[in-house]
Amino acid sequence: MNEIKKVCIIGAGNIGVAIAVDLSLNENLTVTILTSRAKDLNKDFMRIDSETNEKFVGKDIQVTDDYSKALDDCDLLIITVPSFVIKNIIDQVQDYSPKRILFVPGYGGKEFWCKKLIEKGCIIAGFERVSHIARLIEPTIVRASKKKELYLACLNKNHTEQMCREIEKLFKIQCKPVNNYLTVTLTPSNPILHTARLYSMFKECDFSTPLEKQIQFYTEWTDDSSKQLFEMDNELQLVCKSFSQIDLSGVISLPRHYESTTIPTLTQKITSIPSFKGILSPLRQDGNVFYIDSNSRYFKEDFMFGLCILKGFALIAGIKTPAFDTVLSWYEKISGENFWTKEHIFAGTSLINSGVPQNFGINTIKDVYDFYGSSI
């Protein structure tokens, strides 16, 4: 693979800005942000470390809404936009020939849209989780902490080791290889973490229910949220075990990820993580009351391009998922989506607009092995 000299980042949100600032500090590297909001981003970019308050000022970051300008001769394309707009992004990217694409994060069914790019020789990679815990405080200023280590997989595993070395050099964060991209796809991050919490908080509510106050998403985490998370995480681990020809040992359960073996210890752990402080629940204020924000990324992404995908793989594996189903049924009811047929088969009309593997011809365990490559 050729040396990375030109990087394009699609998306000027929390993660996109944080990555742009950090990468721009590399010598002999051109960093461009591609965004429809380019005309509004005419100030210097800055990342303020949320743990140390150290300030990092971006160096010569270019901003454009012109795909041609951003993607011509692009060595590395980093895509940070939500999963629900990935199809449109990939449709536009396919007219160019980026040498590498890195999805941040890599889950959400993003790999399913990349067939033509793969045929052109593009390397498709994804992070297991985001590289920063980040929140914009102004359009070009982000408060963010870097992860201590990153985990990455390429869809073609032969490229993973080299890609990790290149990313580690650029991000200045240790980057460890993941054996198979399916590990990234099944990572129990937001698709379980967020949906379990949302259900626990709002299971007696819908989008029209008035609430008295805003709620801290993590620092007010409850034992009920932890219980729901444990149950959903256990179901995902059963799904992973069903794909025995792929090494999915890298799909670390969330209780293990948070070093917590009981419901109370998990609650205590999540409520005490410094980088989670100040993150609010997806609520919108109307006068003196609050309502659940149906347009939040927590809903638009983490169900249709998160939990639905995990449920799709569970169907392929033949694993029953009552905890998944409880949360999805609640969301189906309050959103008006249709996930189940009259025969209660998870094949409702709304799923055509989701990222479930079945939409891409992946219907059997053999199909999964053919797409991701088995280990034997």
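Good morning. A residue is called buried when its relative accessible area is under 20%, exposed when that area is over 50%, and partly exposed in between. This definition will be needed in a moment. Please keep in mind that the structure before you is a predicted model.

I begin with Asn53, which sits in the loop between strand S3 (46-49) and strand S4 (55-57). Its relative accessibility is 48%, so Asn53 counts as partly exposed. The backbone here also deserves attention: Asn53 has a positive phi of about 65 degrees, although this residue is not a glycine.

Let us move on to the loop between S4 and strand S5 (62-64), where Asp60 is found. Is Asp60 buried or exposed? With a relative accessible area of 64%, Asp60 is exposed, because the cut-off for that class is over 50%. Asp60 is not a glycine either, yet its phi is positive, at about 55 degrees.

A further backbone feature concerns Pro105. This proline belongs to the loop between strand S7 (100-103) and helix H4 (115-119). The peptide bond that joins Val104 and Pro105 is cis, with an omega of about -5 degrees.

I now turn to empty space inside the model. Rolling a probe the size of a water molecule over the atoms shows where such space is left. How many cavities of 30 Å³ or more does a search of the whole structure find? The search finds one. The largest cavity holds about 30 Å³ of space. Its lining consists of Tyr107, Gly108, Thr185, Pro191, Phe305, Gly306, Ile309 and Leu310. Which helix gives the most to this lining? That is helix H12 (residues 303-317), which provides four residues.

My last topic is the packing of two helices. Such a pair is described by the angle between the axes and the distance between them. The axes of helix H7 (residues 190-202) and helix H13 (residues 322-335) cross at roughly 65 degrees and come within 10 Å. This crossing of H7 and H13 is left-handed. On the H7 side, the contact is made by Ile192, Thr195, Leu198, Tyr199 and Phe202, while H13 brings Phe324, Thr326, Val327 and Trp330. Seven of the residues in this contact are nonpolar and two are polar, and none is charged.

Thank you for your attention.

Key
Residues are numbered from 1 along each chain as its sequence is written. This is a predicted model: local features need pLDDT of at least 70, side-chain atom pairs count only at pLDDT 80 or more; totals for chains, interfaces and linings use all residues. Side-chain values use heavy atoms; hydrogens and water are left out. On a 1 Å grid over the protein atoms alone, a cavity is a set of points where a 1.4 Å probe fits but cannot get out, and a pocket is an open set with protein on both sides within 12 Å along at least five of seven lines; lining residues have an atom within 4 Å of a point. Grid points are joined across faces, edges and corners, and a volume is the space filled by probe spheres set on the points. Helices (H or I, at least four residues) and strands (E, at least two) are DSSP runs, numbered from the N terminus. Axes are lines fitted to C-alpha atoms, for helices over the stretch in contact, and angles run from 0 to 180 degrees between N-to-C directions. A crossing is left-handed if the near helix is turned anticlockwise from the far one by less than a right angle, and right-handed if clockwise. Contact means heavy atoms within 4.5 Å. Ala, Val, Leu, Ile, Met, Phe, Trp, Tyr, Cys and Pro count as nonpolar, Asp, Glu, Lys and Arg as charged, and the others, Gly among them, as polar. Buried means under 20% relative accessible area, exposed over 50%, partly exposed in between (1.4 Å probe, protein chains only).
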